[in-house]
Amino acid sequence: PSISRLGGEEDIVNPANELIKEGHIKKMSAKNGTAQDRYLYLFNNMVLYCVPKLRLMGQKFSVRERIDIAGMEVQENVKQNLPHSFAIIGKQRSLELQARTAEEKEDWIQVILATIERHKQNSETFNKAFNSSFCRDDEHILDSPGPWISTSVESDGVVHERKSSKRREKEKETCKGCNDTFNFTKSEINC
């Protein structure tokens, strides 16, 4: 079955969502321990836990849970008395599952672990690139001349810098009326 069988889940058909593995699986009921037929879609960024639904136009799957790959863990042998069992532990939900064979179980576990690792590496690479770019922008801002420096080219071709704002600050430091220097306690208003 393909993604097109997910009725009403158009947002899943997205170029960013890469389908890695899909297949039938058993879900262990926490209440009575019975196994229920379910279907898993493993994407690069999430797992879809689906319930099969028979329709006149063929089998469809209804999404019961979406579990993000970010922060996901896989645990083997969650039920000692059940062969081929494993668990997906996610931020949103944990699922106890049972594969049909030992090989199928091992395949699911390896593929999910590889997807988790790949997701971690991609996230770290993105964060490093983002932080590096952010730092370069900061350095560029710090290296650029401040607004207080203005430059002019005289007739001799030499570039002269005039710190106009600094000069204005010096002019403001003394009172025009009494020539006293302004400080913390004395300001233009006090004079």
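Modeller: A salt bridge is a side-chain nitrogen of Lys or Arg within 4 Å of a carboxyl oxygen of Asp or Glu. This is a predicted model, in which local features need pLDDT of at least 70 and side-chain atom pairs count only at pLDDT 80 or more, while totals for chains, interfaces and linings use all residues. Residues are numbered from 1 along each chain as its sequence is written, and side-chain values use heavy atoms, with hydrogens and water left out.

Colleague: How many salt bridges does the structure hold?

Modeller: There are 6. One of them joins the side chains of Glu76 and Lys105, at 3.8 Å from N to O. Glu76 belongs to strand β5 (residues 73-76) and Lys105 to helix α1, so the bridge ties together parts 29 residues apart in sequence. Helices (H or I, at least four residues) and strands (E, at least two) are DSSP runs, numbered from the N terminus.

Colleague: Is Lys105 buried or exposed?

Modeller: Buried means under 20% relative accessible area, exposed over 50%, and partly exposed in between (1.4 Å probe, protein chains only). Lys105 has 8%, so this residue is buried.

Colleague: Which residue forms a salt bridge with Asp37?

Modeller: Lys26 does, with the closest N and O atoms 2.8 Å apart. Asp37 sits in strand β2 and Lys26 in strand β1, so distant parts of the chain, 11 residues apart, are linked. Asp37 is partly exposed because its relative accessibility is 47%; Lys26, at 28%, is also partly exposed.

Colleague: Which residues touch the most other members of the largest nonpolar core?

Modeller: A nonpolar core is a set of buried Ala, Val, Leu, Ile, Met, Phe, Trp, Tyr and Cys residues joined through side-chain atoms within 4.5 Å. In the largest one, of 19 residues, they are Leu40, Met72, Phe86, Ile88 and Ile112. At least two residues each come from β2 (35-43), β3 (46-55), β6 (85-89), β7 (94-98) and α1. Helix α1 gives the largest share, 5 residues. Apart from this core lies another, of 8 residues, including Phe43 and Val63.

Colleague: What does Thr115 touch?

Modeller: Contact means heavy atoms within 4.5 Å. Leaving out residues up to four places away in sequence, Thr115 touches Ile20, Leu42, Phe43, Asn44 and Ile69. Thr115 is found in helix α1 (residues 102-143) and is buried, with a relative accessible area of 4%.
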